[in-house]
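These are my notebook entries on one protein model.

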Amino acid sequence: MAIPILDEKLDDTPILGCFEDVKLLLCSWCCGACTLARIRAGLRGSKEGCSAVELITSCILGPCCMFKTRGDFRDKYSKALESPVLDQILSCWCCSICAMSQMGRHMQRNNDFPPMKISAN
């Protein structure tokens with residue numbers, strides 16, 4: 001018997017549900033690169049935190065990293081983001097803070113969101 005994923009869909013984490021987790025929302029708003037680096041670290045399976053390289057690339061190449069991360073998120077949680085790719089691009093462009101918060105909340109519910117800790121690797 002296979003163990004189901006805790007929360008396969010984002011139905012309970014809507015993109016405009018930013019205020020469900022105010023701490024994550026404020027972290028995304030004040031330092032979006034930190035939140036994005038944590039999401040990227042979680043997508044690669046890290047439980048230790050993000051690497052310095054992830055943080056630096058998130059700072060320098062923010063929008064590009066956001067689109068790439070959203071695509072990787074869509075690949076990992078294939079049923080989580082069923083909307084068309086154009087909708088995903090628009091959500092990243094127009095409401096990146098909400099999109100980061102949405103991905104972070106989903107990963108927290110699946111215990112995939114690493115702590116805010118930067119490693120040298």
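**Elements.** I took helices (H or I, at least four residues) and strands (E, at least two) as DSSP runs, numbered from the N terminus. On that basis I find six helices and two strands in the protein. Read from the N terminus, the order is α-α-β-α-α-α-α-β.

**Ground rules.** The model is predicted, so I note that local features need pLDDT of at least 70 and side-chain atom pairs count only at pLDDT 80 or more, while totals for chains, interfaces and linings use all residues. Residues are numbered from 1 along each chain as its sequence is written, and side-chain values use heavy atoms, with hydrogens and water left out.

**Whole chain.** I call a residue buried under 20% relative accessible area, exposed over 50%, and partly exposed in between (1.4 Å probe, protein chains only). Buried residues are 43% of the 121 in the protein. For surface I used the Shrake-Rupley method with a 1.4 Å probe; for residues, only the protein chains shown count as cover. The protein exposes about 6900 Å², and carbon and sulfur atoms supply 66% of that area. For contacts I required heavy atoms within 4.5 Å. Among the contacts with a separation of 6 or more, 74% come from residues 24 or more positions apart.

**Cysteines.** I searched the whole structure for disulfides (cysteine sulfur atoms within 2.5 Å) and found one. Which cysteines does the disulfide join? The partners are Cys31 and Cys34, with S to S at 2.4 Å. The link of Cys31 and Cys34 is right-handed, with 60° about the S-S bond. Cys31 is partly exposed at 29% relative accessibility, whereas Cys34 is buried at 15%.

Cys64 is exposed, at 54% relative accessibility. For Cys94, the closest cysteine sulfur is in Cys95 at 8.1 Å, again too far for a bond. Cys94 is also exposed, at 63%.

**Backbone.** Most residues other than glycine have a negative phi. I noted Asn111, whose phi is positive, near 55°. Asn111 is in the loop between helix 6 (96-109) and strand 2 (118-119), and is exposed, with a relative accessible area of 59%.

**Salt bridges.** I counted a salt bridge where a side-chain nitrogen of Lys or Arg is within 4 Å of a carboxyl oxygen of Asp or Glu. The count is six. One of them pairs Arg105 with Glu20, with the closest N and O atoms 3.5 Å apart. This pair links distant parts of the chain, as Arg105 is in helix 6 and Glu20 in the segment before helix 1 (22-30), 85 residues apart. Arg105 is buried at 3% relative accessibility; Glu20 is partly exposed at 45%. Glu20, Arg105 and Arg109 are linked in a network of salt bridges.

Within helix 4 (residues 62-76), Lys68 and Asp72 lie four residues apart, about one turn of the helix. Their salt bridge has its closest N and O atoms 2.8 Å apart. Lys68 is exposed at 52% and Asp72 partly exposed at 28%.

Lys76 and Asp112 meet in another salt bridge, at 4.0 Å from N to O. Lys76 lies in helix 4 and Asp112 in the loop between helix 6 and strand 2, so the pair ties together parts 36 residues apart in sequence. Lys76 is partly exposed at 37%; Asp112 is buried at 16%.
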